[in-house]
Amino acid sequence: MDAILSLEGVGKIFPGAVALSEVSLSIARGETHIILGENGAGKSTLIKLLAGIYQPDSGSIAFNGQAYRPKTPHDAQLSGIRIVHQELNLLPYLSIAENLMLEKLPRRAFGIVDGKALNSRALALLKEVGLDIDPRTRVEALGVAQMQLVEIAKALSNDSKLLVLDEPTATLTPPEIERLFAIIKRLKAKGVTIIYISHRLHEVFEIGDRVTVLRNGKLVATHDLQGLTVPHLVRMMIGRDIADEYGFDASIVPGTVALSVANLKRSAETPEISFAVRHGEILGVAGLVGSGRTEAMRALFGADPKLDGVVEIDGKPVAITAPKDAVRHGLSLLTEDRKGQGLLLDMAVDKNITITDLSKISRNGLINRRAESAAANDLVGQLRVKASSIEQAVRNLSGGNQQKVVLAKWLFRGTSTLILDEPTRGVDIGARREIYQLLWMLAAAKKGIIMVSSDLPELMGMCHRIIVFSKNKIVGDVPRAAFDQEHILSLAYQEYVRP
Amino acid sequence: MSETSQATISAPVSPGRAKFLRFLVRDAGVLLALVLITVFFSATAPYFATSGNALKIFVQIAINTVLAAGMTFVILSGGIDLSVGSVLALCTVVGATVMIDESLSPGVAILLALLACMATGAVCGFLNGWISTRWKIPSFIVTLGMLNMAAGAARVVSDNSTITGLPQSFVDFGNLIIGGFLPSIFLIAVLVIAAGWFVLRFTVFGRMIFAVGTNDEAVRLSGHNPDFYKVAAFTISGLTAGIAAMVYLLRLNIGSPIAGVGYELNAIAAVIIGGTSLSGGKGSIIGTLVGACILQVLSTGLQLLGVGDNFKPIVIGLVIVLAVILDAYRERLLRVIR
C-alpha cells in the first residue's frame with residue numbers, strides 16, 4: 001500500500017485524561033478513509049494533531065514519506081493538509097471571494113487587490129463545489145449549509161493533497177448531503193485523499209473505502225467498509241449492540257392539546273402558520289435548513305419578534321413577547337446553537353442547570369448552595385451527565401453531555417412543552433440514545449414535545465407526527481402511519497421547485 | 001497551546017490537586033503578587049516598611065477601591081464604565097454644595113450630602129445602562145459620552161470653581177484613624193468591597209451578573225431579562241462613584257469640578273489586575289481590592305526608590321499590560337486543569 005499519511009504509536013495526554021494512546025494508522029494515497037467514534041473517543045484530538053493545533057506527546061507521524069511535525073495550522077497547510085473543521089472559520093463581513101482567497105489574494109501593482117481575478121477565481125472554486133451564488137455575497141448572508149460548502153471550496157483553493165472533513169454533514173439536509181457526496185467522489189477521482197469524520201453511520205458506506213474506529217482514545221480496528229453493516233460499526237464504536245436506536249414507545253397515546261399556534265406571522269413576507277402539539281406527543285418538524293423551522297420556533301418562544309398570531313397553552317391564549325413569558329407559561333426551548341445560546345460555557349454544570357429558576361434554590365435573594373448542589377447532582381445523576389463534578393465548567397464536557405445539561409436546566413425549571421431544535425446535532429450515538437430515552441420518559445409524563453431535526457430517519461423513528469416546512473410555509477402534516485422518506489422530502493422541496 | 005503550561009502541570013492531576021491548582025492559578029496569584037511586591041519594596045525602598053507608610057497607602061487606595069468595586073460589577077456583566085471619574089467630580093461638587101448650606105445643621109447637611117452624592121451617581125449610572133441597553137450601543141461609547149456630560153455638569157453646578165468650607169466634624173471624621181491603624185476612609189472602602197463580595201457571592205442577583213457576562217443570549221433564552229442586570233450593574237457603578245465622591249470629600253475636603261480626571265482608568269486597572277476578565281463573566285471583587293493595593297504599593301514603592309514621576313507611569317503601565325497577558329495565560333492554564 002502506498003501510504004500518504006502514517007501514524008506510529010501516536011499518543012496525546014491532557015492533565016487528567018489520556019486523549020489518544022498508541023494510535024497506529026496508515027491512510028492510503030487516494031482513498032476516502034472514514035474515522036468513527038463517539039464523542040470523546042479521540043477523533044478531534046487526532047484531527048488537531050494533523051492540523052498542527054496540538055503536538056503529539058509520543059509516537060510519530062509521516063506525511064508523504066517525510067516526518068510530519070507541524071507546529072502551527074499554517075505549517076499543516078504548507079504541507080498540503082487541509083482541514084475543514086466542524087466549527088466554521090469564515091469571516092462573516094467579508095465576501096465569499098475574499099474568504100476563499102484570503103491566503104493568496106490576487107494583487108495588482110502596489111498591493112491593490114485585483115477584484116476581477118479574485119471573483120473569477122472564486123467563481124471557479126464555487127463551481128467546483130456546486131454552489132451557484134455570486135462570490136461577492138457577504139458570508140454573513142449565507143445559510144450554514146452554504147458556509148460549509150464555502151469552507152470546502154476554500155480547502156480546495158490550495159492544491160491540497162489530503163483533505164480532512166470533520167463532520168461536514170452535521171448541519172446539512174439530505175439533498176445537500178447528496179451534493180456534498182458527489183463533490184467528495186469527484187475529488188477522489190482527481191486523486192485527493194480524504195479523511196472523513198462522521199457521526200452518521202448510514203452515510204459513510206456511500207463514500208468510504210476504509211474505516212477506522214476509535215474508542216476511549218484507542219484504535220479499535222481499521223477495516224474495509226465493504227462487507228460491514230451499521231450494527232458492526234456500532235458494536236465497534238460502543239463495544240455493545242444497540243437494538244433500536246429510537247425506541248418508539250407505542251404505549252404512549254397523545255392526549256389533549258398542550259400547545260397550539262394559530263396564524264403565526266413572523267414578518268410581512270412570510271405566510272401565516274398554524275400547528276399544535278398534544279400532551280404526550282412527539283411532533284416532528286422537518287424541512288430544509290433555512291426553511292423557516294427554527295425561525296418559527298423562535299418567534300413562538302418570543303426569542304424573535306412576531307407580527308401576529310395566537311398561542312394557546314391548554315386551550316388558554318397566552319401573550320408571549322419575550323422568552324421570559326414563554327418560560328413562565330411552561331415552555332422550554334433547546335436551541336440549535338447549543339454553545340452560543342444554550343449554555344454558560346465557562347460556568348459550572350450546577351450553575352447552568354439552576355439558571356432557569358433560581359427562586360427554587362434561594363430564599364430572600366440568597367442562594368442556598370447546598371440546595372443547589374443537591375438539585376444539580378440529582379439531575380446530573382438522572383440524566384447520566386458525564387462530568388468530573390458538578391463544579392466542572394460545561395465548556396469541558398462533550399457535545400452529548402452538554403446537551404444533557406441543557407435538558408437538565410429545563411427539567412429543573414419544570415416544563416409542560418419542550419421545543420427541541422436539532423437536539424442530537426454533534427451528539428454521539430451513545431448519548432443520543434440516552435436523549436431519546438429521556439424524551440420518551442417526558443412524553444410518558446404527558447409533556448408536549450416538538451422536535452426540529454434535519455435527520456429525517458431520526459424524526460421518522462421518534463415522532464407521532466411530522467409537520468413539514470417549505471419556504472416558511474407548513475406544507476404537510478404527516479401521521480406516523482404515512483411516514484415515507486421520499487414523500488416528506490418532496491414536501492420539503494415543494495415550494496422551492498414551484499415555477 | 002503553550003508548551004510551558006503543559007510542562008509545569010504534570011498529568012494526570014488528581015481532583016483534589018486540580019482544585020488546589022485552580023485556586024492557586026485563579027485566586028491566589030494576585031495575592032501572591034502583592035505579597036512579593038510588598039516584600040521587595042520593604043527590602044529595597046527606604047521608609048517603605050514603616051507603619052506611617054502603610055497608613056498612607058491605606059488612605060490613598062480608598063477612593064480607587066470604592067470606584068473599582070462598582071467597576072467590577074460592570075466588567076463582570078460584560079460592560080465597561082469610562083464615566084466614573086467625572087461622575088465622581090460631579091458628585092463632589094453636588095455633595096459639597098449641599099454640605100456648605102448654612103441653613104442646615106452639620107449633621108443633617110452631611111447626611112443629605114451623602115444621599116445627594118449617591119443619588120446623583122446612581123442616576124448617571126442608570127442612564128449609562130439604560131441608554132446602552134435600550135439602543136444596543138456599546139457601553140464604551142455611552143460612558144465616554146457620560147464622561148464628558150458629567151464633567152460639564154460638574155462645572156455648571158460649581159460655577160467652575162472649587163467648593164471649600166466643609167463642616168469641621170466632617171473633616172475630622174475624614175482624618176480619623178480608628179485604633180491608630182485603620183483610617184476611616186479605608187474602612188469605608190473595605191465595607192464597600194465586603195458588601196460587593198457578599199452580593200456577588202451569595203445572592204441571586206450576583207449570580208445573574210456573572211451569567212449575563214458569560215452569555216447574555218443564553219440568559220435571555222432561559223427566561224430572564226439580561227438588560228435589567230446590565231442596567232443594575234451600571235447603576236451600582238454610579239452609586240459607588242457617588243460614595244467615592246464622599247470619600248474624596250473626606251480626604252481632600254474640597255468639591256472640585258476637575259476632580260477624578262483619569263480615575264476611571266485606575267479603577268479599570270485595579271479590576272483587571274485583580275483577575276477579572278475584560279470579556280465578562282469571570283473574576284472576583286476581592287481580587288479588585290488586591291489589584292488596587294498592587295497599584296498603590298507599586299506607585300508608593302517606586303517613589304520611595306527614587307524613580308521619577310516621569311518613569312513611574314511607564315512601570316505601572318507595563319504592570320497593567322502584564323496583568324492582562326497573565327489573564328490570557330491563566331485562562332489557558334485553567335482550561336488544562338479540568
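A: This is a predicted model. In helix α12(B), the buried residues are Tyr263(B), Glu264(B), Asn266(B), Ala267(B), Ile268(B), Ala269(B), Ala270(B), Val271(B), Ile272(B) and Ile273(B). The helix runs over residues 263-273 of chain B, and 10 of its 11 residues are buried. That makes α12(B) mostly covered. The buried set includes Glu264(B) and Asn266(B) as well as Val271(B) and Ile272(B). An α-helix has 3.6 residues a turn, so residues three or four places apart point the same way. After α12(B) comes Gly275(B). The phi of Gly275(B) is positive, near 100 degrees.

Now the chain around this helix. Chain B has 14 helices and two strands. Its radius of gyration is 21 Å, close to the 20 Å that the globule rule gives for 338 residues, so chain B is as compact as a globular protein of that length. The C-alpha trace of chain B spans about 70 × 55 × 35 Å along its principal axes. Burial covers 51% of the 338 residues of chain B. Take the contacts in chain B with a separation of 6 or more: 79% of them join residues 24 or more positions apart.

Next, the nonpolar packing. In soluble globular proteins, nonpolar side chains tend to be buried together. Here the largest nonpolar core has 175 residues. The residues with the most contacts inside this core are Met451(A), Val66(B), Leu67(B), Leu88(B) and Val247(B). Helix α11 of chain B, residues 226-252, gives the most to this core, with 15 residues.

Neighbours within four places in sequence are left aside here. Met451(A) is then in contact with Ile282(A), Leu283(A), Gly284(A), Val285(A), Leu420(A), Pro423(A), Leu459(A), Met462(A) and Cys463(A).

Last, the layout of chain A. Chain A is divided into domain 1, residues 3-238, and domain 2, residues 257-497. The C-alpha centres of these two domains lie 31 Å apart. Their contact takes 16 residues from domain 1 of chain A and 15 residues from domain 2 of chain A. On the domain 1 side, α5 (144-157) and α8 (230-238) of chain A each supply at least two residues. α8(A) gives the most to that side, with three residues. By class, the domain 1 side has eight nonpolar, six polar and two charged residues.

Notes. Residues are numbered from 1 along each chain as its sequence is written. Chains are lettered from A and ligands numbered from 1 in the order in which they are written. This is a predicted model: local features need pLDDT of at least 70, side-chain atom pairs count only at pLDDT 80 or more; totals for chains, interfaces and linings use all residues. Helices (H or I, at least four residues) and strands (E, at least two) are DSSP runs, numbered from the N terminus. The radius of gyration is taken over C-alpha atoms; the globule rule is 2.2 Å times the number of residues to the power 0.38. A residue is buried if 20 or more other C-beta atoms lie within 10 Å of its own, exposed if 12 or fewer, and partly exposed in between; C-beta atoms are placed from the backbone. Two residues are in contact if their C-beta atoms, placed from the backbone, lie within 7 Å. A nonpolar core is a set of buried Ala, Val, Leu, Ile, Met, Phe, Trp, Tyr and Cys residues joined through C-beta atoms within 7 Å. Domain bounds come from an automatic or database domain assignment. Ala, Val, Leu, Ile, Met, Phe, Trp, Tyr, Cys and Pro count as nonpolar, Asp, Glu, Lys and Arg as charged, and the others, Gly among them, as polar.
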